[in-house]
Amino acid sequence: MKINPDYNSQEKLLELYNKPLLELIFEAAKVHRQYHNPREVQMSSLLSIKTGGCPEDCGYCPQAARYQTDVEAHKLMSVDTVLEQAKNAKANGSSRLCMGAAWREVRDNKDFDSVVEMVQAVNDLDMEVCCTLGMLNENQAQRLKNAGLFAYNHNLDSSREFYGDVISTREYEDRLNTIDNARKAGITVCSGGIIGMGEAIEDRVGLLWSYMQMENPPESIPINALVAVEGTPLEDQKPIEQWEMIRMVATTRIAFPESVVRLSAGRTKMSMEAQAMCFLAGAGSIFAGDKLLTTPNPDFNEDKEMFSILGLISKEAFAGGEKPVSLPDPLIEERKKRELEREVELKNAREEAFKNGFEPRKITVS
Ligand code: SF4
């Protein structure tokens, strides 16, 4: 992914961010038209496949176990439930499904095997599959890639300098390593940030600067407005002005002309007019469906109406890259083979025992 060489320093990025707003939007709209079809906006759905109970302390997140919020913890969804939800999202116009699990990191266990199966199943529906599962190593990234994962989401959230004010249980460097592991496996990267957490303008620019320093910046950059949830340390943060969201989208668009800028959390607080400005300034995707993991989002029908009023069209899946091939997962195949062998062994042992006159013990209850 290309960066814009005209803004290759933090000072230049800050100058860009602070441009007179209409100038900024105009410049962003020009860049957007040069690299993207401005009428196309991708509808993506975000599904919480494992909710709550997370050991991390991200100050904005209602899923952290240590905060008293209304979020009810749920264990991992079944593959069938995910498939059903994916079909529903597709029927409503989504061409990408992002599956989120509130984990600190991926562990090599049965739950991860299930996620691998979910990726295979959703990829078979011809939807782009994205996962956000916390930190992951190179092997895990490779398994997801082989299963057909199109993108891995891992946000940097803010600048390196501000990050520690919001999260203390893992380092900025850990996040960069996970992004690197996804890259090495050949998975496209989705990584962005949240504005409105109390950061300075320099931190918003600092976030973009972190991506500029990457050898290969993210294909997708989600821009979120903080949804301040009661019970989290950031519950009292004032909502940001809609203009700030538009400004951030426009700056990101200009700095990373080829990436997809995703207008993400916080849309319920934005008017249709403000969202229209974001599309004009280069937002190429929204999250559709009434829930964004655990926070509210406009429902499918509202978005369909907005698309019709603004003359937007849904972007097809894989417009920005080839559909990955889902390969069989050797570890899952091996596990299934072992389970089958064990079943056969048990069946044979049972038959053998009956042949030798075994009679099940009768228990009489007096
Ligand atoms: S953002 Fe993710 S890692 Fe942080 S607390 Fe929430 S679920 Fe856990």
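I begin with Phe-318, which sits in the loop that runs between strand 12 (313-314) and helix 12 (330-355). Although Phe-318 is not a glycine, its phi is positive, at about 65°. In this predicted model, Phe-318 is partly exposed, because 15 other C-beta atoms lie within 10 Å and a buried residue would need 20 or more.

Where is Asp-157 placed? Asp-157 belongs to the loop between strand 4 and helix 6 (160-166). Its phi is near 75°, again a positive value in a residue other than glycine. Most residues other than glycine have a negative phi. Is Asp-157 buried or exposed? Asp-157 is buried, since 24 other C-beta atoms lie within 10 Å and the threshold is 20 or more.

Let me now turn to the chain as a whole. The protein chain has 12 helices and 12 strands. Its radius of gyration is 23 Å, close to the 21 Å that the globule rule gives for 366 residues, so the chain is as compact as a globular protein of that length. The C-alpha trace spans about 90 × 40 × 40 Å along its principal axes. Of the 366 residues, 45% count as buried. As to the contacts between residues at least 6 apart in sequence, 80% join residues at least 24 apart.

The domain assignment gives domain 1 (5-325) and domain 2 (328-359). Their C-alpha centres lie 45 Å apart. The contact between them takes 6 residues from domain 1 and 4 residues from domain 2. Which elements give two or more residues to the side of domain 1 that touches domain 2? They are helix 4 and helix 5. The residues on that side divide into 2 nonpolar, 1 polar and 3 charged.

In helix 5 (residues 138-147), the buried residues are Gln-140, Ala-141, Arg-143, Leu-144, Asn-146 and Ala-147. These buried residues pack against helix 4 (110-123), strand 3 (128-132), strand 4 (151-153) and helix 7 (172-184). Just after helix 5, Gly-148 takes a positive phi of about 115°.

Helix 4 contains Val-115. Val-115 is buried, because 27 other C-beta atoms lie within 10 Å where 20 or more are required. Apart from neighbours within four places in sequence, Val-115 is in contact with Cys-131 and Leu-133. Val-115 and Ala-288 are 173 residues apart along the chain, and their C-alpha atoms are separated by 22 Å.

Next, the core. Which members of the largest nonpolar core touch the most other members? Of its 92 residues, these are Val-119, Cys-131, Tyr-152 and Val-249. Helix 9 (residues 242-255) gives the most to this core, with 7 residues. Val-249, setting aside neighbours within four places in sequence, is in contact with Ile-223, Val-261, Leu-263, Cys-278, Ala-281, Gly-282 and Ala-283.

Finally, the ligand. Which residues are around it? They are Cys-54, Glu-56, Cys-58, Cys-61, Gln-63, Ala-64, Ala-102 and Gly-134. This shell divides into 5 nonpolar, 2 polar and 1 charged.

Methods: Residues are numbered from 1 along each chain as its sequence is written. This is a predicted model: local features need pLDDT of at least 70, side-chain atom pairs count only at pLDDT 80 or more; totals for chains, interfaces and linings use all residues. A residue is buried if 20 or more other C-beta atoms lie within 10 Å of its own, exposed if 12 or fewer, and partly exposed in between; C-beta atoms are placed from the backbone. Helices (H or I, at least four residues) and strands (E, at least two) are DSSP runs, numbered from the N terminus. Two residues are in contact if their C-beta atoms, placed from the backbone, lie within 7 Å. A residue is near a molecule or strand if its C-beta atom, placed from the backbone, lies within 6 Å of it. Ala, Val, Leu, Ile, Met, Phe, Trp, Tyr, Cys and Pro count as nonpolar, Asp, Glu, Lys and Arg as charged, and the others, Gly among them, as polar. A nonpolar core is a set of buried Ala, Val, Leu, Ile, Met, Phe, Trp, Tyr and Cys residues joined through C-beta atoms within 7 Å. Domain bounds come from an automatic or database domain assignment. The radius of gyration is taken over C-alpha atoms; the globule rule is 2.2 Å times the number of residues to the power 0.38.
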